[in-house]
Amino acid sequence: MFDTFEPFKKLKKKTFTFSPKRYEIWLEGKLVKSGNSELPIYFTVITQDGEETYRITVYDNLLFDQIANQFILDEFITSNDRLQIVTLPAETNTNCMGILGLKMAIGATRHKKDFATNEPYCCNLFFQDSEPVKVTFSFSKPEKLIEFYN
């Protein structure tokens, strides 16, 4: 299955690219859209307000209405079967259980953030034999999941 990690450890950020072959969009636990995706997803380390963050760039024209072309996520941590890149604001425009649960585990990553409907709060990276095989994005308004597979 997927590689495993000791949970809730902060990781050093590194720039990398993931090249998916297909995607799936899940809303309220139901598959609502799927298809091929051949454009890379870029994970770029940047410094913002003195803190290293990730700028994530998704250039998939088929999904422009579902996921922002570019967004910032704050912290890079381990979880049981994945690595996570998250933004967990102390104050936000959503009461998403995913954000609340992660905030309880690791704390807030910034003071305030209001999420747009196409802006994720979490990216999950799944590995097999140390190679990335799946990247997912979790959204809070509405709660949905976009999965990319290589």
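Is lysine 10 buried or exposed? Lysine 10 is exposed, at a relative accessible area of 61% (exposed means over 50%, buried under 20%, partly exposed in between, with a 1.4 Å probe and protein chains only). This is a predicted model, in which local features need pLDDT of at least 70 and side-chain atom pairs count only at pLDDT 80 or more, while totals for chains, interfaces and linings use all residues. Residues are numbered from 1 along each chain as its sequence is written, and side-chain values use heavy atoms, leaving out hydrogens and water.

**Salt bridges**
- The structure holds 9 salt bridges (a side-chain nitrogen of Lys or Arg within 4 Å of a carboxyl oxygen of Asp or Glu).
- Lysine 10 pairs with glutamate 75 in one of them, with the closest N and O atoms 3.9 Å apart.
- Glutamate 75 also forms a salt bridge with lysine 13, at 3.8 Å between the closest N and O atoms.
- Glutamate 75 lies in strand S7 and lysine 13 in the segment before S1, so this pair ties together parts 62 residues apart in sequence (strands are DSSP runs of E, at least two residues, numbered from the N terminus).
- Glutamate 75 is buried at 17% relative accessibility, and lysine 13 is buried at 10%.

**Sheet**
- An open sheet of 4 strands has the order S1-S4-S5-S6, with antiparallel pairing (two strands pair if DSSP finds at least two bridges between them).
- Strands S1 (16-18) and S6 (70-73) stand at the edges with a single partner strand each, so one side of each has no neighbour in the sheet.
- S1 is joined to strand S4 (residues 41-48) by 3 bridges.
- Phenylalanine 16 stands opposite phenylalanine 43 in S4.
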